[in-house]
Amino acid sequence: MLSPVILVPAVLNGLMAGAVYALVALGLTLIYGVLHIINFAHGALLTAAMFAAFFAFTLLGLDPYLAAFLLAPLFFACGYALQRFIIGPAAHGEDRNFLLVTLGLAVVIENTLLYFFRADTRTINLPYAFDVVAIGPAFIAVPRIIAFGAVIAVATALWIVMRWTDTGKAIRAVAKEKLGAELCGISVAHIYAMTFGLGTACVAVAACLLIPTYYVNPTAGEAFVLIAFTIVVLGGMGSIAGAMIGGLCVGVVESFSSIFLGESLGQIGIFIMFIAVLLARPSGLFGARS
Amino acid sequence: MKPYWPIAVVVALLAVVPFVTGSNVVLNFLITTLLIALVGQGWNLLGGYGGQYSFGHAAFFGTAAYTTAILQVQYGVNAWFGLFAGICTGSLVGAVIGVLCFRSGLRGSYFSLITLAFAEVLRIISSVTPITGAGVGTLIKLDLRAEAFQFQSRAPFYWIALALVALSLVIVRMIENSRFGAYLVAIRENEDAASALGINTFSVKLAAITISAAITAAAGCFYAQYFLFIDAAIAYGPWISIDALLAPIVGGAGTLFASLFGAFVIKALGEATKLLTGDAPGLDRVIYGLVLIAIVGLAPRGIAGLLTALSRLPFRAIARPERGNA
């Protein structure tokens, strides 16, 4: 069972799947790192973005990879508006309220999608969806390689934005010292909303990368929420590099546990890891903050 | 000492309903409402009074429901004993989760996340292990005798649900009046300060999650007896965890009647939505979500708090500022 013919594809496939998880987690960790809230609506927003990518393809004939360039700004705007006009004002600055408001938002988004599109599972057919590339003994699907590259690109772009732009500096300032940033003339409400928008844009890109090989139904995003939480906890809340490494790790763990435990029990590997990490090291493996 | 008579009045009023109407629709609505009230009252003790927001009360509900169902179907155990056993296993799960979480100092969002993860792990396990019936679920045999906790008509079910809710109200009021209740509220308001005052926060929180789990577990057993069917998605699904926190928050978390009141509001809203839109899937849940956001945003103390604020209006120009940016 442990021959390289099985192991190498398992690791490679795990890494490829993990990259998309990492992107979802990146959005989550960014929001946590700045707003210090856990965004429960993240999965629902992912589902919404997957539906958007699906309909961009079926109605407009837009290739999902091109649609990413349209959906990312669109979801950035959605995220900005949600935080600025709904989540922020409704939460009154209390952690518990953030949890409840985003939970409510998740329920609303998921069930609105259920109402309009029913519980049907939809998939799209791309001409190149089943093309494979041979890497050593493994055959890797082309969409997964594209996804892997795209995630690296997005993470790098995000890192550049955070490092060198004024907005990025303001975001880091707010994350470090909210009151101090405000005294320097930074609008905290605006920066919060920008961060939420960036996190939501990550999710939109992830949805476009997922849709060629995955399916969409009103609960499709749910599967990714706890995985993303696991990655965020594993990588340390708020750490971008941690999210990337954590994502890749989780991808490989999932790939192995589905080999050894089977498809449905395979998910348990992730949850157990999640619980174990939370109980043993709540600050994460790479997190500095306790 | 907060008085017990309001509980007696409310329960007495609700108890006469089956004499007024024999309509199965009305009774069914009231039974499911009381079920949610009971689930929510468990959450209310831990979340409302103790400030520990669990997102995984399904773990207790489901464990209890499966316990009684499996004991009856696989081992031929009496259903009333199943109720007792279910409450025991449910609170045991609560105690185990409590020890693990509180021992490692998990608070706030982390606690919410890990309870959600525990419920999910149990859901996945129960959807594959043979003893729970795996994906098929467990069907309890029809046996319409009072000894088997099954009844011809809905009225006895209704009174039993009401009795359980009444019991949970009395328990919560007793806790409110006790030293333990004061400790719990102190922990909600400021855990570090409570700890500095010498409160053993670990054991108080552990006791709270165990009692909370026991109350929710009772609802799980009742569910299994009433619907006679249970599967992984029902027992451990997110719907029950959400209803558990929605009802008390809508009613005004941390007050005695929060859950009962909130359950009536959300159930009535859900039914009204179904009535207006036909059987459109999801729309009632959309309303629930909007209500949750609106309550948190506009009335953080729930409807009970809103009413108090409104009653003060004639005397004060502005209602007392809500506990917000504290």
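## Crossing of α2 and α4 in chain A

The crossing of α2(A) and α4(A) is left-handed (the near helix is turned anticlockwise from the far one by less than a right angle). The model is predicted: local features need pLDDT of at least 70 and side-chain atom pairs count only at pLDDT 80 or more, whereas totals for chains, interfaces and linings use all residues. Residues are numbered from 1 along each chain as its sequence is written, and chains are lettered from A, with ligands numbered from 1, in the order in which they are written.

Helix α2 of chain A spans residues 42–58 and helix α4 of chain A residues 95–117; they pack at an angle of about 30°, with axes 8 Å apart. That angle makes α2(A) roughly parallel to α4(A) (under 35 degrees).

## Residues between α2 and α4

On the α2(A) side, A:Gly43, A:Ala44, A:Leu45, A:Thr47, A:Ala48 and A:Phe51 meet A:Leu105, A:Ala106, A:Ile109, A:Glu110, A:Leu113 and A:Phe117 of α4(A) (C-beta atoms, placed from the backbone, within 7 Å). By class, nine residues of this contact of α2(A) with α4(A) are nonpolar, two polar and one charged.

## Helices α4 and α10 in chain B

In chain B, helix α4 (residues 58–75) packs against helix α10 (residues 201–227) at an angle of about 45°, with axes 7 Å apart. The helices α4(B) and α10(B) are therefore oblique to each other, and their crossing is right-handed.

Residues of α4(B), including B:Phe60, B:Phe61 and B:Gly62, meet residues of α10(B), among them B:Ala213, B:Cys221 and B:Tyr223. The contact of α4(B) with α10(B) has 11 nonpolar, five polar and no charged residues.

Notes. Axes fitted to C-alpha atoms, helices over the stretch in contact; angles between N-to-C directions. Helix = DSSP H or I, 4+ residues; strand = E, 2+ residues; numbered from the N terminus. Parallel < 35°, antiparallel > 145°, perpendicular 65-115°, else oblique. Contact = placed C-beta atoms within 7 Å. Nonpolar A, V, L, I, M, F, W, Y, C, P; charged D, E, K, R; others polar.
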